[in-house]
Amino acid sequence: MGQDTRFSRAQRDLLDLMDTPVWAPRSADEPPVGAVPGGEGVPPSRRAGRPPPQVLAGRPPAQDDSRAATSMPPPAAAPPELEALCSKVAACTACALHSGRRQTVFGVGNPRADWMFVGEGPGEEEDRRGEPFVGRAGKLLDAMLRAMNLDRTTVYIANIVKCRPPNNRNPGLDEAAACIPYLKRQIELIAPRLIVALGAVAAQRLLETDRPVGAMRGKLHHAAHLEPPVLVTYHPAYLLRSPGQKGKAWEDLQLAMREMDALLEEQSAA
């Protein structure tokens, strides 16, 4: 049986990493996952500095996708307002978490990104390096991004809180309440088209709810206090601990790509 042509190399790598079995048909004429039927015509983004539309929509590029990340244009420079917010966060003492940090972890990525991924808070390695999602969970997130033909230069990644909670525990409600105005301002300045909430803490704080991830997956959420819609999936660290949920996370990524296609088409028709 030949190789399943429905998936790009990055998507096959992610499926292998997530231990997700895939039935491979004999027919090789099915479109890749994330493709729109009949559609090379992905609506172009109208915002300056965006990555190419096929990257935003999660489509495999025409050439070997193992080189997709290195062929991307460099990300745009951060606007002064975002740099000023980063400096303000670095000096913040609004909650007790500031007393145990090495440094704040503001965020990383393209300040004009259409995609924004939000986690709960930095861990020990993130606190040391000043970058969100490093270590094993970060490697899995990078694989998830590659499967969508994205990377850290074409998306923006941030957390609910900017300082590491002791012993990598979940941030408390008071800590999240003190820090989330910074995240909301980041969202306003970056203006992503879609937010992917990674895990319960991120989803609950963004959507102001106490519902579990399993009850929030599978659809877009529109919150009155947020301009972009939010899609909820599992945190990469949880997927490493609970491999049985990895197939659901792959479904969520495919839904995210379809929703981005729809958002781009909606903008093009406006």
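## Rings and a kinked helix

Let's start with a charge over a ring: K162 sits over the face of F106, 5.7 Å from the ring centre. Keep in mind that this is a predicted model.

Now for rings paired with rings. Searching the whole structure turns up two aromatic pairs. Here they are side by side:

| Pair | Distance between ring centres | Angle between planes |
|---|---|---|
| W115 and F117 | 6.2 Å | 15° |
| Y234 and Y238 | 5.2 Å | 25° |

Planes under 30 degrees apart count as stacked, so W115 and F117 make a stacked pair at 15°. Y234 and Y238, with their planes at 25°, are stacked too. As for burial, W115 and F117 are both buried. In the other pair, Y234 is buried at 9% relative accessible area, while Y238 is partly exposed at 27%.

On to helix 6, which runs over residues 173–190 and has 18 residues. From first C-alpha to last it reaches 25 Å, close to the 26 Å expected at 1.5 Å a residue. There is a bend in it, though: a kink of about 40° lies at C179, shortly before the proline P181. C179 is also one of the helix's buried residues, a list that includes E175, I180, Y182 and Q186.

What covers those buried residues? The cover includes helix 3 (80–90) and helix 7 (200–207), along with strand 2 (115–119), strand 3 (156–159) and strand 4 (194–198). Just past the end of helix 6, A191 takes a positive phi of about 55°.

Conventions
Residues numbered from 1 in each chain as written. Predicted model: local features only at pLDDT ≥ 70, side-chain atom pairs only at ≥ 80, totals over all residues. Heavy atoms only, no water. Phe/Tyr/Trp six-rings, centres within 6.5 Å; stacked < 30°, edge-to-face > 60°. Buried < 20%, exposed > 50% of the residue type's maximum accessible area, 1.4 Å probe, protein only. Lys NZ or Arg CZ within 6 Å of the ring centre and 35° of its normal. Helix = DSSP H or I, 4+ residues; strand = E, 2+ residues; numbered from the N terminus. Expected span 1.5 Å × (residues − 1). Bend = angle between axes of the 7 residues up to and from the residue. Contact = heavy atoms within 4.5 Å.
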